[in-house]
Amino acid sequence: MSPDIRAVANAEAVHDAIEAGSPLDVSGLTVAYDRAPALWNVDYVAPKGGLVAIVGPNGAGKSTFLKGALGLTPKISGRVAAFGAPVADARRRIAYVPQRESVDWEFPATALDVTAMGLYRSIGWLRPVRKKHRDAALAALAELGMADFADRQIGQLSGGQQQRVFLARALVQDADLYLMDEPFAGVDAATERTIVSLLRRIASAGKTAIVVHHDLQTVTEYFDHALMINVRRIAAGPMADVMTAENLQKAYGGRLAAPQLAAAIG
Amino acid sequence: MTDYWQNFWTALTLNGGYNSVVVMAGLAALGAAAGPIGALMILKRRPLLADAVAHATLPGVAIGFLIGLWLTGDGRNSAFLLTGAALTGALAAGAMHLLKDGARISEDAATAAALSVSFGLGVALLSLIQALPTGGQAGLNAFLLGQAATLNQSEAWVLAVASSMALVLLALLFKEFALIAFDPGGAAAQGLPVKFLDLMITGLMLLLIAAGLRAVGLVLILALLVTPAAAARFWTDRLPRLAALAATIGAAGAYTGGAVSTALPNAPTGAAIVLILSAIFLFSLLFAPKRGAIAAVLRRQGLRHALRRRQILVELAAGARPADPKLARSLGWIDGNGSSTPEGEAAAQAWLRDEQLRDRYLADRPEDAGRLLAAAFTPLNDLLPRDVIAELERREA
């Protein structure tokens, strides 16, 4: 075999291996802030394509799971792979939407500026943001109904609008895996529907979204898989298998009122 | 007096000779780089880190003097002085980082501790040096408040080259610096080396402080870092413009300050720069069109007027006679008899619809009440996305 052919064959083999890999494969993930563990020995293999909700009570480590998986929080132990490769090698295929409160919205930037930040890695070092990048960012904003607000300073947007900007920033990355931290928190009804239809488009394109979601009333309607955690993993899999009275009891204890329970189990 | 103006003008127009030209160019580059770096420090909410690092260079200067004296017999060797300054500055930055992360002390407390300990040490060493039976100590005072006019050739070149280097690096990496200042978590998720870039910002700041120490002085160099960005913030809501404006203000302030100190050799350069920058800041504070104080007063008056108009619309919508007929007539909403005109009716109806949609929106999102109220006189069409408004209208109907 000539070196060229070998290189091609090798590239194909690597490609197949990546194709075979789950979008997110986490095993034994343990994270601790100070002394108390925030997440204890969690295993999870995400399905290829589909919408996954991470559910659990407050302080269960839902956000920590995303941060730990992405390597944003130092983990004590555990192994994380994305698309069959170490996360560090798969970053371009992953888009992360942090909690809205995690940034300062008084920052001197417009909705378009923030959306274009999603492209910084693909633009590359030492290169400026060009018109084609701004056009792509504008298209992503338009998809979230925010085209009219592209030039607005982000501090002047409402909570729902700010969330849409964050989602546009993720969308413009054209990723295969989306990790979203409480995108539904504190948004208006119309924004909630916009987010749901965005999620559906992600799923119908064969991509995966893993979303921290705290509203048990809507979780079965919006998502088809779930990972239920309360520091430890309680259950994971198709929605109906996870949302059982027994699992909810394990995760939430007595904290769940009967109507919520009924809604969650469906 | 005319001599002073003559000297000032000579320096300002770069006719003051080779050394003066290098110093002036160096100061301009220093200010141009310090402006955007200061903007980043402010956005990362760490402007006082710069102050602590600047003060922490003093023991380094003193130690550099002593080592220079010991090795070469002359303490005023700028290589030793600046290396010492950079080292203790870096040490203080590292100590603050460790105190904050390791000992879980708040950032403010860590900054205050590093600043006072290192500056105290520097002052103690300085008084020790003053008592030594050697020459050259007087030059050290220039490090406190700056003496741009007395820079020697190598000091001038260090200032110019180091500042220009920092300016180039800053321009090349500004896109990434901005991202980590806004959203370090998102930046790390994209795979940017956030810690390294963070260190680069601190490193560039340290480089500028060390480069500008002799010319601007360590007590007031914070002003060169922070004031241009603070002034620029009044004029723009976008970071690239903010950075460019801060660079321009910083360069202009440092350059003019340098010329002043050339004209008045006893005037500390640091003080001259601070006064010029403060004047620019004050001007911005007062006269900036959107965020300035005068604009705010005008806006409040506009708001009062809008409230009076709104009161009339409330009365018209309720079919009542306006309590302020003069204003209502001047707006064309009522005729001479006090009954409403078609324009008045239309305005009242439009207001009513807007109000109902607002109420409907706030019923879903009470947490937006403050924001919506603050924009009570902005038409809803300019406040919310079209799909949200369409949804509100659908439900209202």
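Which helix of chain A does Arg164(A) lie in? Arg164(A) belongs to helix 6, which covers residues 159-171 of chain A. Keep in mind that this is a predicted model. Let's look at the sheet of chain A and the helices lying across it, then return to this arginine.

**The sheet**
- Chain A has an open sheet of six strands, ordered 6-7-8-3-9-10, with mixed pairing.
- Strand 6 (94-97) and strand 10 (232-238) of chain A each have a single partner strand and stand at the edges, so one side of each has no neighbour in the sheet.
- From one strand to the next, the twist averages 15°.
- Five bridges join strand 7 (residues 177-181) and strand 8 (residues 208-212) of chain A, which pair in the parallel sense.
- Met180(A) has Val211(A), in strand 8 of chain A, as its bridge partner.

**Helices across the sheet**
- Helix 10 (residues 245-252) of chain A lies across strands 3, 9 and 10, at about 35° to strand 9.

**Back to Arg164(A)**
- Arg164(A) has a relative accessibility of 1%, and because buried means under 20%, this residue counts as buried.
- The side chains of Arg164(A) and Asp387(B) are joined by a polar contact of 3.3 Å.
- Beyond its neighbours within four places in sequence, Arg164(A) is in contact with residues of chain A including Leu144(A), Met146(A), Asp188(A) and Thr194(A).
- Its contacts in chain B include Pro385(B), Asp387(B) and Val388(B).

Technical notes: Residues numbered from 1 in each chain as written. Chains lettered and ligands numbered in written order. Predicted model: local features only at pLDDT ≥ 70, side-chain atom pairs only at ≥ 80, totals over all residues. Heavy atoms only, no water. Pairing = 2+ DSSP bridges. Helix = DSSP H or I, 4+ residues; strand = E, 2+ residues; numbered from the N terminus. Axes fitted to C-alpha atoms, helices over the stretch in contact; angles between N-to-C directions. Contact = heavy atoms within 4.5 Å. Buried < 20%, exposed > 50% of the residue type's maximum accessible area, 1.4 Å probe, protein only. Polar contact = N/O pair within 3.5 Å; in protein donor to acceptor, adjacent residues only side chain to side chain.
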